[in-house]
Each structure stands twice: as structure tokens, then as C-alpha cells.
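This briefing covers one protein chain, from its overall make-up down to single residues. The sequence and structure come first, and the notes follow by topic.

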Amino acid sequence: MGEIEQKPSPGSRLGAPENSGVSTLEHGQKLPPTPSGKLMSIKIQMLDDTQEAFEVPQRAPGKVLLDAVCNHLNLVEGDYFGLEFPDHKKITVWLDLLKPIVKQIRRPKHVVVKFVVKFFPPDHTQLQEELTRYLFALQVKQDLAQGRLTCNDTSAALLISHIVQSEIGDFDEASDREHLAKNKYIPQQDALEDKIVEFHHNHIGQTPAESDFQLLEIARRLEMYGIRLHPAKDREGTKINLAVANTGILVFQGFTKINAFNWAKVRKLSFKRKRFLIKLRPDANSSYQDTLEFLMASRDFCKSFWKICVEHHAFFRLFEEPKPKPKPVLFSRGSSFRFSGRTQKQVLDYVKEGGHKKVQFERKHSKIQSIRSLATPPTEPNSEVPKQAQQRASPPPGAAPEPAGGPPGAAPAAPEERPSPAPPRSPAGGGKAAGAPRAPAEEEEEDGAAATEDRSPQSKAQPPQPSTGSLTGSPHLSELSINSQGGAVPASVILSPNLSPDTKQSSPLVSPLLNDQACPRTDDEEEGRRKRFPTDKAYFIAKEVSTTERTYLKDLEVITSWFQSTVSKEDAMPEALKSLIFPNFEPLHKFHTSFLKETEQRLALWEGRSNAHIRGDYQRIGDVLLKNIQGMKQLAAHLWKHSEALEALETGIRSSRRLENLCRDFELQKVCYLPLNTFLLRPLHRLMHYKQVLERLCKHHPPSHPDFRDCRAALAEITEMVAQLHGTMIKMENFQKLHELKKDLIGIDNLVIPGREFIRLGSLSKLSGKGLQQRMFFLFNDVLLYTSRGLTASNQFKVHGQLPLYGMTIEESEDEWGVPHCLTLRGQRQSIIVAASSRSEMEKWVEDIQMAIDLAEKSSGPTPEFLASSPPDNKSPDEATVADQESEDDLSASRTSLERQAPHRGNTMVHVCWHRNTSVSMVDFSVAVENQLSGNLLRKFKNSNGWQKLWVVFTNFCLFFYKSHQDSHPLASLPLLGYSLTIPSESEDIHKDFVFKLHFKSHVYYFRAESEYTFERWMEVIRSATSSASRAHILSHKESHVY
């Protein structure tokens, strides 16, 4: 380093030889000439808490000091690190690598500069060097001690147990307790000591390198991993915290993430004085842009955070360091700040290409020496960590779970469905995805603009990245949301690392059991199995009865087992309500358990898996269906009670806070994968499924077939039952939907009133003084509501206004306002202009709004004020809570404050429509009730080679994935609104039979059925979710059936 004097410290202490390369330089490149002149001494505090002094020229840029530190440590991957210090205003800032040090650190003698991790990669396996991982482990240890890395007690104890293992070696209880008494790794450590010792006992034989790897494996799944909070306020003055990560900009309330803005969605970052601005990219089918504004404490705080965002974006998203802008001739506008150093892609490429020697280094706090590998990394990503380290990668129960999915980029309007021919054989196929997404332009608008082009390495060859946190509150809905509320990752499972929100990943499934590496290839096994099975269409219809019956039984168990168990533990439900619900479900569960057993026995005979010598008598299912449907008629009294039970449950929830909390908490359990009240209607829905199956059997069999007579008799029986319950089903579906919507809305008291019918909900853009802004609209038979989604932990939609339909007119106004797909809604007291995302969406809204207006005109007159003040709360006095005494800021809803603070599902149909910019009607919901399906499918990603066998349930416009039909809850879900359903084309090389393709933006999934019949059935039911038919077509379809 010539003029840089280094006192003996980490270099000699670590026993590292001199390194000719410096971390921030390309391979073979030399250090820039160091400016001559007066030297100044700067104290650097290392991650192991030692301090070193470096003497550098005063006029040297910050890069010289960082390079000196990296060279001193012999650190190859130094680009992940940075130097931070308090400036003259006591604001902690990063050392600018391009500006002279003397202009940044004004009193170097009184300032200690800290060498810390600056860029946290999404996956620790991307860190090739053991020394780098050791330094990251020290950073995690430091964050734990300082309270930055918050987690539950189990995760904290597990993290500390790995730190202890790396520092003192194998378990010895006396040594452990002595070591823990001398070293405090976390506040309130004493309470966790027993748990730490217990976990440490499981790490016997683990080397320090393995301990570092396991520590980072657990830490990276924590929501606060690598997060540095920056206080701010939103437009409404709510206190929040902003942070930046590899995926984009995050919004926190306290330590809870409530929103995330991915780099792929951000068009420009800027600040004006104290205001930090995020300009989002416009959706593909709309002509507006949305700018989000946050207020920070001062301009300096704001600019500091803006710089951090610029650097994170460049490091994780660009191929190479951005080039400097040419200097203006006369005067400059805009910040000259830019990212300096190698990008993550350049670091990965450099380390892979470099042939470094293995050298030893010493760990300050460890008694054990480690060998540091600087050789070319092998093909396996975790090659430096022995195999047993990978086997230990799963935390025990209660430890930090894998985040619930990474938000893939924002979803614009639903892509139009392509024609889906249904030949059983799929030719091979498919076009390649488009190139990399463009970058946001980072801009300092106070003084001008500075744009940056994004040639994102993630879109090509960069290793895939995991999500950094939960999707709750994210503006970009996960394509595959993990249905988990904090469960532990199963043991001995390789966790999926490929979850980048802005990456065209091969596997957006977070679930380890849905990861390519976690399931065996099943091609040959399935081919052989398929050839042994019958090929008659009637067999596959009978098999559909069996597979859907399995799912139906699981749904009944949600009530009879899971919900009943929860209710029995807490005295929150009145005895009268218990006696109305559970005694009317238990006989059904018992009956259908026997029905399923009989159906599966018949299928075994049909397939020849039994000892029966004559199979012909058993190659039918009509007799089994007829016998059991006749038995079902004996249970009709219980079926009639289900609507009464649903109404009684909702009444009980309104009158009891404790019951409301119990039901809300139960809905957050993984086993309750649909709204609770939906399960109460499942027996009524199941009758329609039997009717559809029997219609298909009667259509398939000729009258001379031995099974035709039984099928026709069973169809007559089930048709009679459906006709008797038809009116109840219509009424209860509307009742259930109104109560489900009530949970998604705040600022409303009287949504569920007699005579009100739900018609359509969806996302529209409302024209206001600020331009077009996304709003969620809810259409009923008497009123139209519009709402917005706020930055609240509960993810609910806040009602902004109402338009009574009585006297309303609707007209297209695209030419008047110059906005595509624009409508003007003129009410008696208010008019609004809205725009749909596409022509087809606009036509659906026009048709339904006009129908609703006609219904309102025929009614008795205008509806009462919708947002009137709350009626008196009729809950018992002993159940009143502080939440009842909230201020009127939340639109005077009696339980608004409780609902806003409560956990809430972020993947309801309202949220799916919001993120996918589409809509769904009550008619669509009714059709979805009919189109439910279960069974095994083989699944393949766009970039994977093998097929994985999964149990898949289709219901409520969504695919739910299970490892097997015996699982009690789904591993992941895929909402299908907006997806295109096709068969693969020739260029996609899918040389298999019965394959269909689901495609949305860059997300492509292939699914393979076992027969032509099941292929056509899956195509039929999924098409009903990916494209809604016209109202006239659906109504005529319903008239041709009884329901």
C-alpha cells in the first residue's frame, strides 16, 4: 500500500500472509495511486471488537481506507462490508468511497470508524469464503447483543448455542454454564440458559465453520436479519420505520413488516428536503404512476437513507459498477452520488475464477483453528461446509420459520386467457421470457435527477435469492403463498433458496417439500403405475369421487376435530351454540368415513388389487353411490341445521368479544386454509358435487350398461335433495360472503343487513385531483363502496365513500377524460370517474352495475346512510375492552381498532384482486363452489428437469399443495386469478402426455395428470378460475341444472 502504514493487528494476529489482491478491485487490477501528502490516523473497530489504527493521506478517497482494511484482513469478499461512523451531526453514515476522507471525517482523532457488514445477501451459501461467513457470524452475534436482531426465545437460544459451539467446542454442561455466565450474547440471557445448554448438546462434533453456517442458516430466516431501521412517518402521520434489503424497500411498524416495495416495481427513488419519495412503475394496462411519500426527521436523515437505497439497488441488481455521469459545463443539477465498487455478480464471478490458496486464520473467541479455503469453489454451493452441516439445517420446533414467501413482482391486470385446446397429448413448447427488468432511477429531486439503467443480473445467471420476510402487507402478492403462521421447518429438509421477488426463479415455492431437491423424480414410477391401471373413463370418474371425498372428510374434520378441540379448551362458546354445530357435523363425518372406505374398496377391486377372481362385477360405482345417497337422505335433518348453525355462529361472534377472538385466532391456524364459515357450508356444496359426478356417469354409460340404472336412480335421489336445499344454499352463500367481506373492511358497521346481496368486488382506478389512484370497489344490490388499502398490520381496506345505486346513471367517458376504459358514475349526490384495467374488466363492471341499478330502482327507494355512526355495542359488559374506547379516527367503527391491530389473512380474495388488478363476482363464486377438485398431479417448474408428485386441492379460485392426501394442512397455495391456462408448445420440450401449463408474468408451472379424463377435468375447473364467463352464459348454465 505504499504510503499506508498499518500497525500489527488482525493481519499478524490472524496469521494471514500478505495478500496481493484487494477486495474491491477486479482480478489482476492494481490499486489506484494513493495521493501523497500529510497522513492522518484513523481508528477502525473490527467485528471482533478489536481496534486497529490505519494511517492514510488526508486527501485519499474512502475507497483507499476500505481497501486497506480488507487487505489487512486478507479478505477477498470485502465488497459485502463497509465503514460507518457518526458525522458531525451525530448521524451514523457510511463512508463514501469516492469522496476524500478528510471531507467526511472532520475530527478523525475523536471518531471510531466501524468495519461492519453493509450488504446482506439473501442466501449465505453465496458467501464462498469461510472467513467471510465468520465475519457475518460476528455481525449476527453483535446484532443479537444490541437488540437489532429480534426473534423468539427458541430461535435466540438456538443461535447462541451455535455461537457457543464455535467458541468453546463440544458440549460440557459445567463449561457451558461458566462460559454463559461470563459472556452475555443477548439481553435477558439468564432465562434462556437451560434452553441454550439443551440445544448445545445437539451440536457435538460440529466444527466452527459448520457452526457459522448453521448460525447464518437460522438468522437469514428471521424477519429482522440485516435490517437497519430508519424512523419515518407516512402521509397520515403514523410512525413507521423504513429499511432497505436486497429485495427492495421495506416498511415496518415497530418490528413488524407491513409493506415491501420490490426493486422490480420501483421506477424512481428521490427525496425533497425531508420527504422520501418512491415512484412505482405503472401497471401494464393503466396510464398512471403511483408515488409514495414518507416524512423523515431531517434532510440529512432523508439523504442518508436515499444513498443507502441507491447502493443496495446497484449492488444487488446491476451487472457492473455504474459509470460516472459527465460533469456539466455550467452548473449541476442533481446529486453526483453513485455506487462505487463491485456488484454482487462481479464478486461472485471474481471469487469463482480466482485460484486462491488455502490459508489458516485464527478466531479470536474460538479455541479451534479453521482452514480457510481460497480455492476455486466446487460445484456444490455448500461445498466448504461438510455434509453433516447441511443435514442440521433445520431448526427445532419454535425456531424461526422460513419466511412466508417472497413477493414476486407486482401483479398488473390479469393476462387474457389464451385458447386452451384439450388434446390429451401436449406437444413440447414455449417461448422464452423477456429480458431483464429496468431499474428504478435514483434521484435527488431537490437538486436534480440521476437515472440508473438496470441490467439486472438476477434476470439471467445470478443465483436465485430467497425472500427476506413475510408477505403480509406486501403490495406484490406472492404467486405461491405459504400457508404458515410460524410453524417450524421440518427436519432433514433442504430449504429452498430460490425465492427472489424480482427474479425469474425456477421455484417460487418456499415450502421445502415442494422444492425440486426435496422430492424424488417420479417419471418412471408413474409411467409404470399408469399402465397397470384401468383406462375406462368410468373408473376415473369413480376415482374422482374417492379423491374429492378425501378432501371433504378433511374439511369436516376442521369442524368436528380441530375447531371443536379449540372450543373445548376455552369457555368462549355458549352451550346452545355448541349443541347446534357439533352434533350436526359428527354424524356426517362418521357416515362419510364409511362412504370413503367403501368407495376405495370398490376401486381396489376395479384395479385388480384384491383377491377377487372375477373383476367384471366390480367395474362400476353406481351401486355404491345409490346406496350411500339413500343413506344420506336419513341425515337430511342435520343438513337443514347447517344454515341455522352459520347464522347462530355469526350472531354469537357479534355479541361476544371472546368468541370473536377465538374464531379469528382459529382462522389463522394452518389447518383452517379457508374462512371458517366456508367449512360450515361444505356439506351443502358436496351434494352438488355428487350430482355433477352422476350426470357425467349417466352421460358416459349407454342405457344398456349394467351401471346405468343405478347411476340414474342415484341421480334422481340427489337431484331431489339439491332441489330442496337450493334456496337455502343461495341465501347462505350470500350470507357467508357478506360476513367474509366484513372482515376485510374497516370503517363500516352495517354491512350485513336483511335484503343486501353481494354482486362484485374488484380493483378500479379512481380519478381524483392527484390523478388515477387504485381503489377497491364493492358492489351490492343497493350501494357501491370504494376503499383503499392502508399501511396497517391487519391488511384491511378502509372505506372512503359510498354511492347509493338508487337514481345512479353510468356512462363511458374514455373520450372525455382521455383515460382508457373509463366510466363516469353519476349518483344523486356525488359523481366519480373510474377506469378499469382492460376492456373486458370494464364490460363486466358495466353489466353488473347496470343490473344493480335496475334492482335498486325496483326496490322501495333509497337506502339509508351506509357509514352511519355505530349502533350501541350489544356485548356483555364483562367482555368490554380498551379497544372499545378508541377515538373516532377510525371512521367510528365500534370494533375498528381491535380489527386493525389483529392479525389478518393477507391472501383473501379481496387481496388477490387488489394485487392482480382484477375483479370477481358472486356468480363467479357460485360457479367456483361447483368446480372443486382433488387428486395427485405431477408438477414441474420452467427451469427444472424432473416432475414432483403432489396432492393438489382446487377450491376458492386457488390451488392448495400437499405432500400427500394424509396431510392436515397445505404447504403452499397458488391463487389463480389472472393466470393463463394453456398446453405447452413444441419449443418447451415437454414430451409427456396430459400436461397443462399455468402462466402469469414470469411464473410458469407445468402440471401432469394421469389420464385424459383427469387432464380435461383439471383444465375445466382451472379455466373457471382463470377466466370468468359472461353472466348470461352462467345463468343459462345454472338453469340447465337445478342449482
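Is Leu-556 buried or exposed? Leu-556 is buried, because its relative accessible area is 1%, below the 20% cut-off for that class. The model is predicted. The chain has 1043 residues, of which 59% are buried, and its secondary structure comprises 27 helices and 33 strands.

**Chain and cores**

- Among the contacts in the chain with a separation of 6 or more, 69% are between residues 24 or more positions apart.
- The largest nonpolar core has 104 residues, and the members that touch the most others are Ile-44, Phe-115 and Phe-276.
- Helix α9, residues 299-317, supplies the largest share of this core, with 9 residues.
- Another core, of 76 residues, lies apart from it; Ile-581, Leu-649, Cys-698 and Trp-951 are among its members.

**Surroundings of Leu-556**

- Leu-556 belongs to helix α13.
- Leaving out residues up to four places away in sequence, Leu-556 touches Phe-585, Leu-588, His-589, His-592 and Pro-683.
- One of these, Pro-683, is 127 residues from Leu-556 in sequence, yet the two C-alpha atoms are 8.2 Å apart.

**Helices α13 and α17**

- Helix α13 spans residues 537-569 and helix α17 spans residues 657-667; they pack at an angle of about 130 degrees, and their axes are 11 Å apart.
- The α13 and α17 crossing is right-handed.
- On the α13 side the contact is formed by Val-558, Trp-562, Phe-563, Thr-566 and Val-567, and on the α17 side by Leu-662, Cys-663 and Phe-666.
- By class, the residues of this contact of α13 with α17 are 7 nonpolar and 1 polar, with no charged residue.

**Helices α14 and α16**

- Helix α14 (residues 575-607) and helix α16 (residues 636-655) cross at roughly 145 degrees, with axes that come within 9 Å.
- The crossing of α14 and α16 is left-handed.
- From α14, the contact takes in Leu-577, Leu-580, Ile-581, Pro-583, Asn-584, Phe-585, Pro-587 and Leu-588; from α16, it takes in His-638, Leu-639, Lys-641, His-642, Glu-644, Ala-645, Ala-648 and Leu-649.
- The contact of α14 with α16 has 11 nonpolar residues, 3 polar and 2 charged.

**Helices α15 and α20**

- The axes of helix α15 (residues 622-633) and helix α20 (residues 708-744) come within 8 Å, and the crossing angle is roughly 25 degrees.
- α15 and α20 are therefore roughly parallel to each other, a class that takes in angles under 35 degrees.
- Their crossing, α15 with α20, is left-handed.
- The α15 residues in the contact are Gly-622, Asp-623, Leu-625, Leu-626, Ile-629, Gln-630, Met-632 and Lys-633, and the α20 residues are Asp-710, Cys-711, Ala-713, Ala-714, Glu-717, Ile-718, Glu-720 and Met-721.
- The contact of α15 with α20 divides into 9 nonpolar, 2 polar and 5 charged residues.

**A buried strand residue**

- Ser-270 lies in strand β11, which covers residues 266-272.
- Ser-270 counts as buried because its relative accessibility is 2%, under the 20% limit.
- Ser-270 and Val-310 are separated by 40 residues in sequence and by 9.7 Å in space, C-alpha to C-alpha.

- Asp-989 is a residue other than glycine with a positive phi, near 55 degrees.
- Asp-989 is located in the loop between β31 (980-982) and β32 (995-1000).
- With 56% relative accessibility, Asp-989 counts as exposed, since the threshold for that class is over 50%.
- Phi of Lys-1001 is likewise positive, near 55 degrees, and Lys-1001 is not a glycine.
- Lys-1001 sits in the loop between β32 and β33 (1003-1008).
- Lys-1001 has a relative accessible area of 38% and is therefore partly exposed.

Methods:
Residues numbered from 1 in each chain as written. Predicted model: local features only at pLDDT ≥ 70, side-chain atom pairs only at ≥ 80, totals over all residues. Heavy atoms only, no water. Axes fitted to C-alpha atoms, helices over the stretch in contact; angles between N-to-C directions. Helix = DSSP H or I, 4+ residues; strand = E, 2+ residues; numbered from the N terminus. Left-handed = near helix turned anticlockwise from the far one by under 90°. Contact = heavy atoms within 4.5 Å. Nonpolar A, V, L, I, M, F, W, Y, C, P; charged D, E, K, R; others polar. Core = buried A, V, L, I, M, F, W, Y, C linked by side-chain atoms within 4.5 Å. Buried < 20%, exposed > 50% of the residue type's maximum accessible area, 1.4 Å probe, protein only. Parallel < 35°, antiparallel > 145°, perpendicular 65-115°, else oblique.
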